[in-house]
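My notes follow in the order of the look-ups.

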Amino acid sequence: MQKFYLFFLIVLVSCRHKEIAASEEAPVSQAQTPVTVTTIAFVPLVEFEELNATSAFLQTNFIKASANGYIHSVNISLGQPVNKGKIAFTLQTKEAKALGNTINQLDPSFHFTGLIQIHATASGFIQELNHHEGDYVQEGEQLAVVTDSKSFGFILNLPYELRRFVSTHTSMQVDLPDGTHLEGEVAAIMPNVDSVSQTQGVLIKVNTSASIPRNLVARVKIIKSERRNSASLPKQAILTDEAQSNFWVMKMIDSVTAVKVAIIKGLETANRMEILRPQFSPSDKIIISGNYGLPDTAKVKIVKSEE
């Protein structure tokens with residue numbers, strides 16, 4: 001009986017050792033991180049700064065009385081567009097009014113009025129209307145102010161560090177708040193810099209026949225650099241350290257393994273980054289999501305590809 005128990009114990013211990021050995025030899029399956037991958041793209045890249053520009057009329061013209069007298073009629077209104085030469089006011093002196101009544105009494109067929117016509121001196125909009133019908137004015141007194149439509153443009157307060165990217169006759173697109181895009185050109189650069197903000201005034205002329213109000217704020221893009229056909233990746237694919245001095249991507253080397261590849265970045269836009277080195281091929285798969293925190297070599301599972 002004791003021999004039987006001893007034999008049973010030996011068999012039990014032997015089976016236990018085999019189970020332990022089998023468990024040690026069995027490979028431990030690694031957890032796979034679900035990821036999304038993308039590929040390199042060769043697209044135009046433009047690096048720019050977006051700034052505000054305000055619409056303005058840089059020059060105004062004044063309509064003035066040419067003699068002492070009473071305003072007989074007003075043919076303009078505030079905010080009205082006018083053309084150069086339009087009759088804006090008619091003026092009648094006291095002497096002309098008195099003389100006209102006398103002459104008309106002597107010969108009614110003469111129809112003497114003695115009215116003086118005062119014309120708009122430039123095309124534009126009536127910005128100010130200072131007098132109305134019946135007012136008495138003196139010679140040289142201001143009757144109205146006309147904004148000169150030829151002086152219309154957008155004033156851009158350009159930070160001086162961006163001055164090298166802007167020159168006279170540079171083409172610029174002006175984006176209005178309602179979504180309208182206007183083609184513009186730098187007409188002049190002011191010769192002074194604001195001492196506080198260190199910005200320089202730039203006048204942008206736009207090619208449009210539409211009526212644009214004064215003090216409208218638009219957006220202007222200052223092109224800093226551009227590439228016609230540059231290898232780039234979405235920014236989400238680029239990883240960096242805390243100091244943002246080293247950059248890398250996670251590249252797939254087979255269907256389940258991703259490795260860390262250091263890169264040299266170039267031009268950077270709002271959503272893409274140029275890759276100067278290394279040169280990836282269009283078939284290389286780069287992780288775009290799920291890449292954060294992965295080790296140098298990681299087991300992953302591709303759940304989606306973004307071309």
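I began with strand E4 (residues 69-74) and strand E6 (residues 87-92), which run antiparallel and are joined by four bridges. The model is a predicted one, and I read every entry here with that in mind.

Next I looked up E15. Strand E2 (residues 41-57) is joined to strand E15 (residues 217-234) by 13 bridges, and the two run antiparallel. Within that pairing I noted Glu50 opposite Lys221 in E15. Strand E12 (residues 171-175) also runs antiparallel to E15, with two bridges. Here Asp175 stands opposite Arg219 in E15. I found three bridges from E15 to strand E19 (residues 272-277), again antiparallel. Leu233 stands opposite Met273 in E19.

I turned to the rings. How many aromatic pairs does the structure hold? I recorded four. One of them is Phe57 with Phe152, a tilted pair at 5.1 Å centre to centre and 55° between the planes. Phe57 lies in strand E2 and Phe152 in strand E11 (residues 152-159), so this pair ties together parts that are 95 residues apart in sequence. Phe152 also pairs with Phe154, edge-to-face, at 5.8 Å centre to centre with 75° between the planes.

The relative accessible area of Phe152 is 13%, and the cut-off for buried is under 20%, so Phe152 qualifies. Phe154 is at 0% relative accessibility and therefore counts as buried too. I also noted that ring pairs link Phe57, Phe125, Phe152 and Phe154 into a cluster.

Last, I checked for charges over rings. Lys221, noted above opposite Glu50, lies over the face of Phe48 at 4.9 Å from the ring centre. The charged end of Lys265 sits over the ring of Phe247, 5.3 Å from its centre.

Conventions. Residues numbered from 1 in each chain as written. Predicted model: local features only at pLDDT ≥ 70, side-chain atom pairs only at ≥ 80, totals over all residues. Heavy atoms only, no water. Pairing = 2+ DSSP bridges. Phe/Tyr/Trp six-rings, centres within 6.5 Å; stacked < 30°, edge-to-face > 60°. Buried < 20%, exposed > 50% of the residue type's maximum accessible area, 1.4 Å probe, protein only. Lys NZ or Arg CZ within 6 Å of the ring centre and 35° of its normal.
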